[in-house]
Amino acid sequence: MPGHSLSKRSNSTKFVVAHFMVGNSYPYTVDNWLSDIQLAHQSGIDGFALNVGSDSWQPQQVANAYEAAKQSTTGFKLFMSFDMSALPCSTAADATALRNYITTYASHPNQFLYNGRVFASTFSGESCTFGQGSVVSGWSSQFIQQLSGTNAVYFVPSFFVDPSTFNSYNGVIDGMFNWNSAWPVQVTSSFASSVLGAIGGILQNPSSALNSLSSLVGSTTPDQQYINALNAMGGSKTYMAAVSPWFFTHYSPQTYNKNWIYLSDDHLYAKRWESLVQLRDQVDIVECLTWNDYGESHYLGPIEGDQPNSQAWVDGFDHTGWLNLTLYYATAFKTGSYPSVTKDQVVMWSRPHPALATAPDPVGQPQNFQITADQVWAVVLATSPGTVTLSTSSSQSQTFSVSAGVSKLSLPISPGGYMAATLSRNGQTVINLKSTNFTFNANPPSYNFNALVISSE
C-alpha cells in the first residue's frame with residue numbers, strides 16, 4: 001500500500017553518496033583514493049557510487065577504492081554503479097562482469113548493504129537484454145536471480161524510462177535512481193522561448209526573462225513522479241534522488257558530440273538540496289552528481305586523475321568550495337534539521353564570460369547558452385546576523401543584511417568583472433574574499449560555461 005511505503009520510507013536511515021567516475025582514475029594510487037574518501041567523509045558524504053565501464057584496468061582501481069575505504073577507518077561505503085552506456089549487455093556472457101563485481105566485494109566491510117543486501121545501481125541499462133527475450137528477463141535471469149545468499153543484490157538502477165512503466169520491472173528493481181532530477185533538464189532555449197514568448201525577449205531583457213525560469217530550479221516535480229510510480233508498485237521501494245551543482249559539456253561531433261548546458265543558475269545546488277530536505281520523508285538516498293565527472297563540469301572533488309579531454313573548460317576551475325555546502329545540507333537531509341552554523345563562510349561562483357559572447361571556437365556555442373544569466377551567485381553561512389557586501393567591479397556592489405544560517409545572494413557581473421565578498425559584524429570584517437586569476441572576459445578564446453567556485457577558509 002502506498003501509505004505503508006511512505007511510512008517505511010520516512011523511518012529509514014538516510015544516506016548521501018557521490019557518483020565517482022572510475023574511468024577518470026587511471027593514474028590513482030590507493031593513497032589518491034584515500035585522500036578523496038577522507039575529503040568526502042569530512043563533507044558529509046557516506047559513500048561513493050563507483051561508475052565502472054569496460055576498460056580492462058578499471059577492476060584494479062575498484063580494488064584500490066575498497067582497500068582505501070578500509071584503510072580510512074571511517075566506515076565509508078562503496079557500491080557498484082554499472083555504466084551501461086559503456087558496458088556491453090547484449091549477451092548472457094556480458095552479465096558475468098557485473099556479477100563478478102558483486103561477488104568480489106559482497107562481504108567486504110566497506111560494501112554498502114541496504115536491507116541486508118548488496119546495493120547496486122546503474123547509469124542507463126534500460127535497453128540491456130543479456131541475450132534474453134526482454135530487458136526484464138535479461139536483468140532478472142542473468143543478474144538478479146544468479147546472485148543469492150550473501151551475494152543477493154538490492155538493485156536501484158537509473159533506467160531512463162517513463163515512470164508509468166516502472167511496474168513492468170517488478171521482481172527486478174528494489175527502487176529507482178532519478179538521475180535527471182538533479183537539474184531542470186526540461187528548460188531548453190526552445191522551452192524558455194515558449195514560456196517567455198520569444199527568445200528575443202531573453203536577449204533583450206535577460207534578467208527579468210530568466211527570473212521566470214528560476215521557479216523551476218530545485219523543483220521536486222520529477223521526484224514526485226518517481227515516488228508515486230514506486231509507491232504504486234507496493235513493497236516499500238527505495239527512491240534515490242540526485243543533486244548537482246552545475247552542468248556544461250563541450251565536445252565536438254568528432255569526439256563525444258556533447259555540447260550543451262542545463263540551467264544551473266539561481267543557486268541550483270542549494271535550492272535542490274533544500275527541496276530534498278523538505279521532501280526527506282519520501283527520499284531514502286541522495287546521490288551527488290558528481291565527485292569527478294569533469295567532462296560534464298559537475299565535479300565536487302578536486303581536479304585530479306585523468307580527465308576525459310575536458311582540460312579546456314576544467315583546468316583552473318576549482319569546485320571544492322561546494323563541498324562546504326554539501327556538509328551543511330547533507331547533515332540536514334540525514335538528521336531532519338539544519339545544523340547550527342559554527343563557522344562563518346562565503347562560497348561564490350561565476351562563469352568566466354558573458355553568455356552571449358562569441359569565441360573563435362570550432363565546437364560552437366553550447367545548446368541552451370541563452371538561458372543562463374551573467375550573474376555571480378553566493379551562499380553565506382553565518383554564525384549570527386551580519387552584513388555582506390558582494391562586488392563584481394569597483395562600481396558594481398550591493399550590501400545585504402544576513403541572518404544566522406544560510407543566505408543565498410547574487411549580483412550581476414559585466415566584462416572586466418571579478419568576484420568579491422566581505423562579511424562584517426559589529427564593525428569588524430570577518431571574511432574578505434576575492435577571486436584571483438579570474439576576469440569576466442568579453443572576448444573568450446573558447447566557449448566555457450563552467451563555473452569557478454571560490455570560498456573563504
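Which residues point one way from strand 11 (residues 285-288), which point the other way, and are they buried or exposed?

A: First, the ground rules. This is a predicted model, in which local features need pLDDT of at least 70 and side-chain atom pairs count only at pLDDT 80 or more, while totals for chains, interfaces and linings use all residues. Numbering runs from 1 along each chain as its sequence is written, and side-chain values use heavy atoms, with hydrogens and water left out.

Now the strand. Ile285 and Glu287 point one way from strand 11. Val286 and Cys288 point the other way. All four are buried. Buried means under 20% relative accessible area, exposed means over 50%, and partly exposed lies in between (1.4 Å probe, protein chains only). Strands are DSSP runs of E with at least two residues, helices are runs of H or I with at least four, and both are numbered from the N terminus.

Strand 11 has parallel partners. Two strands count as paired if DSSP finds at least two bridges between them. Strand 1 pairs with strand 11 in the parallel sense, over four bridges. Within that pairing, valine 16 faces valine 286 of strand 11. Strand 8 (residues 238-243) also runs parallel to strand 11, again over four bridges. Here valine 243 has cysteine 288 as its bridge partner.

Strand 7 and strand 8 pair in the parallel sense over four bridges. Phenylalanine 177 is bridged to methionine 240 in strand 8. In strand 7, Gly175 and Phe177 point one way, Met176 and Asn178 point the other, and all are buried.

Next, the loop between strand 11 and helix 11 (311-314). Threonine 290 lies in that loop. The peptide bond from leucine 289 to threonine 290 is cis, with omega near 0 degrees. Serine 297 is found in the loop as well. Serine 297 is not a glycine, yet its phi is positive, at about 65 degrees. Serine 297 is buried, with a relative accessible area of 0%. For contrast, take asparagine 257, in the loop between strand 9 (248-250) and strand 10 (259-261). Its phi is also positive, near 55 degrees. But asparagine 257 is exposed, at 52% relative accessible area.

A pocket is an open set of points on a 1 Å grid over the protein atoms alone, with protein on both sides within 12 Å along at least five of seven lines; a cavity is a set where a 1.4 Å probe fits but cannot get out, and lining residues have an atom within 4 Å of a point. Points are joined across faces, edges and corners, and a volume is the space filled by probe spheres set on the points. The largest pocket has a volume of about 620 Å³. Its lining has 30 residues, with Met21, Asp83, Ser85, Lys258 and Asp293 nearest the centre. Strand 1 and strand 2 (47-52) each supply at least two residues of that lining. By class, the lining has 13 nonpolar, eleven polar and six charged residues. Ala, Val, Leu, Ile, Met, Phe, Trp, Tyr, Cys and Pro count as nonpolar; Asp, Glu, Lys and Arg count as charged; the others, Gly among them, count as polar.

There is one cavity of 30 Å³ or more. The largest cavity holds about 50 Å³ of space. Its lining includes Trp246, Phe247, Arg351 and Phe449. That lining divides into five nonpolar, two polar and two charged residues.

Helix 9 (residues 221-233) has 13 residues and spans 19 Å from first C-alpha to last, close to the 18 Å expected at 1.5 Å a residue. The expected span is 1.5 Å times one less than the number of residues. Among the buried residues of helix 9 are Asp223, Tyr226, Leu230 and Met233. Glycine 234 follows helix 9, with a positive phi near 75 degrees. Helix 2 (residues 30-42) also has 13 residues and reaches 18 Å, close to the 18 Å expected. Its buried residues are Trp33, Leu34, Asp36, Ile37 and Ala40. They cover an arc of only 165 degrees around the axis, which puts them on the same side of helix 2. The arc is that of the directions from the helix axis to the C-beta atoms. Asp31 and Gln42 are exposed on the other side of helix 2.
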